[in-house]
Amino acid sequence: MKKSANEYDAIIIGAGIGGLVCGCYLAKAGMKVLIAEQHNKPGGYCTSFKRGEFTFDAAAHSFGGMRFGPLGKIFNELKIKEKINIYHCDPSDIIITPDLQVSFYSDINNTIKNFQEAFPNENYNIERFFNFLINSEKNISISIRKSNFSQILDSFFSSSKIKSVLSFPIFGNSGLPPSKLSAFLGLKLFKEFLLDGGYYPEGGMQNLANALVEIFKENGGELLLSSKVNKIICDGKNALGIRLLNNEQVSSKYVISNCDMRQTYLKLLGKEFIDKTFLNTIKKMSPSLSVFIIYVGLKEPFYGNYFEPGSNIWYLFDYNLDKNYFNSKKGFFNDINNLMMHIFPDRKSVTFFINASFKNKMYWTENKKVIMNLLLDKIEKLSIENISDNIKFKEAATPYTLFKYTSNYKGASFGWAGITSQLVLPGFIKNTFIDGLFMTGHWTTHGFGIPGVTYIGYETAQKIIKNFKR
Amino acid sequence: MVDKKVLEDEIREIISDVSGYDLEDIKPETNLINELEIDSIKAIEITVAIEKKYKISVRDEDVPKIVTLNDAVELVHGMLNHKEN
């Protein structure tokens, strides 16, 4: 039966990467799909913006997992390379501390050699650790579900310095120190982000989102931008569609939320429709940290041996990651002793990232500039001499900014915190009380970042397609 | 006493949810690894989901013994009865 204009098989709320991948697969399976996005561009955390001559990626700034993990297979299936060129930046990540510098290269043997030179006493352990990671599919044991990432590192290394250096980029990519991060997630992130990181779509991260939109549309999908959904319509048993902010109603058999989980259930669906146990579970869960981002446009381009555009440059000024985490969580910006720098291909647009916790709008209105300047002073003192004389443009995004543009609860960078007790949450993709309502994206807790949400988008789509064909 | 039939249906639901296979495809004797493509990551997901649902802690050495749905039902059944006594 032909469907009327306002009737779809599936509606996806949010055009983040998870929602877009899910949408591509549903549309490819012949379903009539609509994606509604609140922002005026698609991508969620994967967008870019222009300020004068400078182009910045708003949050996500590279991705991993083309070789290891399912992302490569999914991008091949969607033929994404027909839409965009994907560069591989080598080295993908560089860690700089007061007394050493190590890099993650595309060739893992080079990475191993580089770490062995920096930590000669851990020679054999380094080899053992990287081999364990490469074969983790085989090596991963079920007991890992109860461990944290520190315990894994302890089983390989004795020096606390190498443990900090190896977990620092994982801290940056999860918002948790190894003592709190689930071992399972830690290994997954390590493999996808560090052993196989540094991929970048030509022209900026926005182009990855745009390419997925193109594929989605070629398969008959429709995308509504600047269209905030304010209600998921349901009859108590089945999802029936959505209502947009302008009161327009759209019906569908499936509603898939790619946005924050608390908002999906508590606000869009409504407490009265939620199973009590499920409601209590969500209310007790804690989100991951957010991030404070500084966007800087330079007068003179950056050159230098470790200032290669595209690499994630991780500065660690204090090896104690628990302390670094505590300061980020408490908002003690004065005492923050780590940051990540990313230089764009023009060598003039630069971003800095610092883990940060959520505070309300008023706090940031008062403190945003002060914190930005404080951090830039620190950057100048500890890593890049005379940067202040070279700045033409500077702007910052706070956890509140991230919340405003993406509606992620507390501006969380990675959905729920990746602690062991929140590792797997049954029923988070498909709940048991409302038929036809699904979730996708990082709030379903299976994974972080672009590789994580790409996989979840695919998984959600497979579940729906099976259900649809029944 | 916990009803084995109820357990079987509930655990089948969990396996179906994680593996993406339909409920009908998961018979008591279906081999989870070979026939349902349950890899190490999915095995962890299923184990954690079962532990959360029944508030039990499966011993690590027992997990490799679970080859079929039936094995999982027997294990959980045994643990729940042990808990009741």
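Which residues lie nearest the centre of the second largest pocket? To find the answer in this predicted model, select A:Pro70, A:Tyr455, B:Asp39, B:Ile41 and B:Lys42, which lie nearest that centre among the 30 residues of the lining. The space in the second largest pocket amounts to about 770 Å³.

Next, colour the elements around this second largest pocket. In chain A, select helix H2 (71-77), helix H5 (136-139), helix H8 (183-194) and helix H15; in chain B, select helices H1 and H3. Each of these supplies at least two residues of the lining. Helix H15 of chain A gives the largest share, 7 residues.

Now display the domains of chain A. Domain 1 (7-85 + 202-285 + 425-469) and domain 2 (108-193) each contribute at least three residues to the lining of the second largest pocket. Colouring this lining by class shows 12 nonpolar, 6 polar and 12 charged residues.

Then move to the largest pocket, which holds about 1,400 Å³ of space. Its lining has 49 residues, and the closest to the centre are A:Pro426, A:Gly427, A:Phe428, A:Lys430 and A:Thr432.

Finally, colour the lining of the largest pocket by class: 17 residues are nonpolar, 14 are polar and 18 are charged.

Notes. Residues are numbered from 1 along each chain as its sequence is written. Chains are lettered from A and ligands numbered from 1 in the order in which they are written. This is a predicted model: local features need pLDDT of at least 70, side-chain atom pairs count only at pLDDT 80 or more; totals for chains, interfaces and linings use all residues. Side-chain values use heavy atoms; hydrogens and water are left out. On a 1 Å grid over the protein atoms alone, a cavity is a set of points where a 1.4 Å probe fits but cannot get out, and a pocket is an open set with protein on both sides within 12 Å along at least five of seven lines; lining residues have an atom within 4 Å of a point. Grid points are joined across faces, edges and corners, and a volume is the space filled by probe spheres set on the points. Ala, Val, Leu, Ile, Met, Phe, Trp, Tyr, Cys and Pro count as nonpolar, Asp, Glu, Lys and Arg as charged, and the others, Gly among them, as polar. Helices (H or I, at least four residues) and strands (E, at least two) are DSSP runs, numbered from the N terminus. Domain bounds come from an automatic or database domain assignment.
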